[in-house]
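Here is a friendly note to read with the model open beside you. Take the points in order and find each residue as you go.

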Amino acid sequence: MARAFLFVLDSFGVGGARDAAKYNDEGANTLGHIAQFCAAGAANRDGLREGPLKLPNLSSLGLLHIAKMASGEFPAGMPVPERVFGLHGAANEVSRGKDTPSGHWEIAGTPVMFDWGYFPSDGDAFSADLVEAICEEGKVSGILGNCHASGTDIIQKHGEEHIRTGKPICYTSTDSVFQIAAHERHFGLERLLELSNTVRKLLDPLNIGRVIARPFIGETPSTFERTGNRRDFSVPPPEDTLLDRLVAAERKVLAVGKVGDIFAHRGVTDVIKANGNAALMDRTLEAIDRAEHGNLVFTNFVDFDMLYGHRRDVAGYAAALEEFDRRLPEVHAKMKPGDLLIMTADHGCDPTWRGTDHTRERVPVMALGPGIRARDIGIRQSYADIGETIAAHLGIAAGRQGRSFL
């Protein structure tokens, strides 16, 4: 019985990207800097966590050796285990972007070798013609924001005016993305999703990667809170991915979290939604119980990026990693002979770095399963090796990119 489980710890980079300087990210290191802050006592928070970063299960799977391999040194304050279990290595990204779709598509065997469209950072982010088209086709009287912004900050700034006027809050970042925040009750969730789909079509000629619907609740800046009903409207991958190939071979792909949205729901048989890392782990464990021979369970753990990386919250990121680590034995207990678990990331988002955006980094690759021999697989030249490893494990034909490390 062969099953595969793929966990993407969204934004959990390990530094050392060979082309980081091209992205103004030379020296960025998500794991390394979190560990450094924790070891120095700079990531203590009453009632949340304190002291050095504690990841005993991930460390036993080679995480610290991966960090040294990727960026040249072991993370500060973390004891190095004498023995490592499972395959462990790092991977370079060859896609041109350092964004979520590029990372996930490359993991699934389809690197993004074209340039995404982006919005300007100076002045209005969106042109007058685009805003006019959005208002006309989306049936809104205007928009608020029209700039680069943090999602939580811009909702606090414009949320009350949005409720009063009905104008959606529209903003972007250095990623190829158009984000729309609107109140679930005052504006309406279905109306927000319809508007986001309309904007998706308007942006296709500009090659913008994603339109993200960001619903929120609350009545004042101090009570505004984004909900779990986020929806990503993505451009579909430019060619078939591992997911498409599995479905063509009559296998199931159980997509947990935002994975279905990232792949524009191509190559997905079961969409399993959840809000927050704890719920995502719960739903993943249920999906593992359901998974049959030849199936893939694919989960994105979004909180690392959305709640902590972008918000530059080192203590929150560290606590989330420690909680994920504590729950890994639950996954291991459900694994059967023939199972393969791979844990990786799609990019970095160093919470100590300047700005609020993703960082170009290598990502960890940890693989384990009954009968999988522990060894160092080195630095892989593309994330696509991950998808090809899963293809080989599940017995489907190889794709055009990547090479299995089994």
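1. Let us start with a term: buried means under 20% relative accessible area, exposed means over 50%, and partly exposed is in between, using a 1.4 Å probe and protein chains only. This is a predicted model, in which local features need pLDDT of at least 70 and side-chain atom pairs count only at pLDDT 80 or more, while totals for chains, interfaces and linings use all residues. Residues are numbered from 1 along each chain as its sequence is written, and side-chain values use heavy atoms, with hydrogens and water left out.

2. Next, the annotation. UniProt, in an unreviewed entry, gives "domain: Metalloenzyme" for residues 3-396; its positions are in the numbering used here, feature names are shortened, and annotations may be inferred rather than shown by experiment. Over residues 3-396, the chain is 36% helix and 19% strand, with end C-alpha atoms 12 Å apart. Helices (H or I, at least four residues) and strands (E, at least two) are DSSP runs, numbered from the N terminus.

3. Which residues does UniProt list for "binding site"? The unreviewed entry names D305, H310 and H358. They span 54 residues in sequence, yet no two of their C-alpha atoms are more than 8.4 Å apart, so they gather at one spot.

4. Look at two of these residues in turn. D305 sits in helix 11 (residues 303-309) and is buried, with a relative accessible area of 4%. H310 is in the loop between helix 11 and helix 12 and is partly exposed, at 22% relative accessibility. Contact means heavy atoms within 4.5 Å. Leaving aside neighbours within four places in sequence, D305 is in contact with D10, S11, H310, H347, C349 and H358.

5. S11, one of the contacts of D305, has a phi near 85 degrees, a positive value in a residue other than glycine. Most residues other than glycine have a negative phi. S11 lies in the loop between strand 1 (3-9) and helix 1 (30-39) and is buried, at 0%.

6. C349 is in no disulfide either, as the nearest cysteine sulfur, that of C38, is 16 Å away. By this rule the count is zero disulfides.

7. Now the interior. A nonpolar core is a set of buried Ala, Val, Leu, Ile, Met, Phe, Trp, Tyr and Cys residues joined through side-chain atoms within 4.5 Å. The largest one has 87 residues, and L296, F324 and M343 have the most contacts inside it. Helix 12 (residues 314-334) gives the most to this core, with nine residues. Apart from it lies another core of 23 residues, among them F126, V131, C135 and I208.

8. Finally, a helix pair. The axes of helix 10 (residues 277-290) and helix 12 come within 10 Å and cross at roughly 10 degrees. Axes are lines fitted to C-alpha atoms, for helices over the stretch in contact, and angles run from 0 to 180 degrees between N-to-C directions. Helix 10 is therefore roughly parallel to helix 12, since angles under 35 degrees count as roughly parallel. Residues making the contact include M281 and L285 of helix 10 and F324 and V331 of helix 12.

Methods
Disulfide = S-S within 2.5 Å. Parallel < 35°, antiparallel > 145°, perpendicular 65-115°, else oblique.
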